[in-house]
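Here is a friendly walk through one structure, from the inside out. Have the viewer open as you read.

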Amino acid sequence: MAVLIPRDGVRACDGMPLEVFFPPPGGGSRSTAKARAICSGCPVREECLAEAMSFRADQQYGVSGGKTARTRQKLLRAADPRPDPGDPL
């Protein structure tokens, strides 16, 4: 079930370039530091994270709710140890 996040200017990321939250692959933690900092003070950070967590582990990209895709993947896999149908064997 998707969580609807208010789209009326309450998000800290409003007006920010998408590249901040979806850096090029292999950019490392420095490339996500700005996005994570922006998310840290956002009033809807928890709702944003909940929405991102509604997707399967193999569908996680960028920074959402202050967490990187890799962190969200780990959280999802820890919560459900069954194999993800999108993961290679």
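In this predicted model, the largest nonpolar core is built from six residues: Val20, Phe21, Ala35, Ile38, Cys39 and Val63. Two elements, α1 and α2, each give two or more residues to this core, and α2 gives the most, with three.

Is phenylalanine 21 buried or exposed? Its relative accessibility is 7%, and because buried means under 20%, phenylalanine 21 counts as buried. Not counting residues up to four places away in sequence, phenylalanine 21 touches Cys13, Met16, Ala35, Ile38, Cys39, Gly62 and Val63. Its C-alpha atom is also separated by 8.3 Å from that of arginine 36, a residue 15 places apart from it along the chain.

Leaving aside neighbours within four places in sequence, valine 20 is in contact with Ser31, Lys34, Ala35 and Ile38.

Threonine 32 belongs to helix α2, residues 28-40. With a relative accessible area of 11%, threonine 32 is buried. Apart from neighbours within four places in sequence, threonine 32 is in contact with Pro23, Val63 and Thr68. One of these, Val63, is a member of the core described above.

Now for the charged pairs. Side chains of opposite charge can pair when their charged atoms come close.

| Salt bridge | N to O distance |
|---|---|
| Arginine 11 – aspartate 14 | 2.5 Å |
| Arginine 56 – aspartate 58 | 2.9 Å |

Take the pair of arginine 11 and aspartate 14 to begin with. Arginine 11 is partly exposed, at a relative accessible area of 22%, and aspartate 14 is partly exposed too, at 27%. In the other pair, arginine 56 counts as partly exposed at 39% relative accessibility, while aspartate 58 counts as partly exposed at 23%.

Which residues make a nonpolar surface patch of about 380 Å²? Leu18, Phe22 and Tyr61 do. Tyrosine 61 lies in the loop that runs between α3 (45-52) and β1 (63-64). Its relative accessible area is 56%, so tyrosine 61 is exposed.

Terms used
Residues numbered from 1 in each chain as written. Predicted model: local features only at pLDDT ≥ 70, side-chain atom pairs only at ≥ 80, totals over all residues. Heavy atoms only, no water. Patch = residues over 30% accessible without salt bridge, like charges linked within 9 Å, V, L, I, M, F, W, Y side chains within 5 Å. Areas by Shrake-Rupley, 256 points an atom, 1.4 Å probe, with all protein chains shown as cover. Salt bridge = Lys/Arg side-chain N within 4 Å of Asp/Glu carboxyl O. Helix = DSSP H or I, 4+ residues; strand = E, 2+ residues; numbered from the N terminus. Buried < 20%, exposed > 50% of the residue type's maximum accessible area, 1.4 Å probe, protein only. Contact = heavy atoms within 4.5 Å. Core = buried A, V, L, I, M, F, W, Y, C linked by side-chain atoms within 4.5 Å.
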